[in-house]
Amino acid sequence: MTEALTENKLHETESVFKKHDTTNEGKIGISKVGMALTELGIPWGKDDLDVFLSPINPTNANKINLDQFKELVTIASQNDSLSKNMLETFKLFDKNGDGKLTKSEIRHILNSSENFDVDASDLDHFFEQLDTDQNGYIDYYEFIRCIS
């Protein structure tokens, strides 16, 4: 889904992570993630971070590890205009702003279009196809896979 970071970007990412890992436990606080991304030249708004952190940090822990941070940097680094449009579309569909699309939100999207008449079994099937990890919601990555 995402391309690997270049060797230089990987080294820079690890250095910034270590700088923010002030307790040397191999984790940084969620509150420091935005600052760390900005140091890497990747400015993000809080709403954007929430969307990207949701699948990386599904338990909403208050810290993420280096691998999670690398995944976030990889995704954030690929933020071209198409990615921005997809993110904005996802946020438009994500009515409650929690970084997840529920079956109810999908139903609302489909039923708001005059071109769709979706019954419950079709919606269930559609949702199961999109919810690849079967956790009961569609995160940003599943959404991207669907429309790519």
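Author: Helix 1 (residues 7–20) and helix 2 (residues 30–39) cross at roughly 140°, and their axes come within 10 Å. Their crossing is right-handed. On one side, the contact uses E12, V16, K19 and H20 of helix 1; on the other, it uses K32, M35, A36 and E39 of helix 2.

Some ground rules. This is a predicted model, where local features need pLDDT of at least 70 and side-chain atom pairs count only at pLDDT 80 or more, while totals for chains, interfaces and linings use all residues. Residues are numbered from 1 along each chain as its sequence is written, and side-chain values use heavy atoms, with hydrogens and water left out.

Now the terms. Helices (H or I, at least four residues) and strands (E, at least two) are DSSP runs, numbered from the N terminus. Axes are lines fitted to C-alpha atoms, for helices over the stretch in contact; angles run from 0 to 180 degrees between N-to-C directions. A crossing is right-handed if the near helix is turned clockwise from the far one by less than a right angle, and left-handed if anticlockwise. Contact means heavy atoms within 4.5 Å.

Look at H20 in helix 1. Leave out residues up to four places away in sequence, and H20 touches I28, K32, M35, A36 and E39. H20 has a relative accessible area of 8%, so H20 is buried. Buried means under 20% relative accessible area, exposed over 50%, and partly exposed in between (1.4 Å probe, protein chains only).

K18 also lies in helix 1. Its relative accessibility is 59%, so K18 counts as exposed. K18 and L66 are 48 residues apart along the chain, yet their C-alpha atoms are separated by 8.6 Å.

Past helix 1 comes a loop. N24 lies in the loop between helix 1 and strand 1 (27–29). Most residues other than glycine have a negative phi. N24 is not a glycine, but its phi is positive, about 55°. N24 has a relative accessible area of 68% and is therefore exposed.

N65 caps the N-terminal end of helix 4: a side-chain oxygen of N65 lies 3.1 Å from the backbone nitrogen of D67. A polar contact is a pair of N or O atoms within 3.5 Å; within protein, one must be able to donate a hydrogen and the other to accept it, and residues adjacent in sequence count only if both atoms are side-chain atoms.

The buried residues of helix 4 are Q68, F69, K70, L72, V73, T74, I75 and A76. Take T74. Its relative accessibility is 8%, so T74 counts as buried. The T74 side chain reaches the backbone oxygen of K70 at 2.8 Å.

Helix 4 also has a packing partner. Helix 3 (residues 46–56) packs against helix 4 at an angle of about 135°, with axes 10 Å apart. The two helices are therefore oblique to each other. Angles under 35 degrees count as roughly parallel, over 145 as roughly antiparallel, 65 to 115 as roughly perpendicular, and the rest as oblique. This crossing is right-handed. L49, F52, L53 and I56 in helix 3 meet Q68, E71, L72 and I75 in helix 4.

Another pair lies further along. Helix 6 (residues 103–111) packs with helix 7 (residues 120–130) at about 115°, and their axes are 11 Å apart. This crossing, too, is right-handed. K103, I106, R107 and L110 in helix 6 meet L123, D124, F126 and F127 in helix 7. I109 is found in helix 6. At 18% relative accessibility, I109 counts as buried.

Last, step back to the protein chain. It has eight helices and four strands. Buried residues make up 39% of its 148 residues. Among contacts between residues at least 6 apart in sequence, 60% join residues at least 24 apart.
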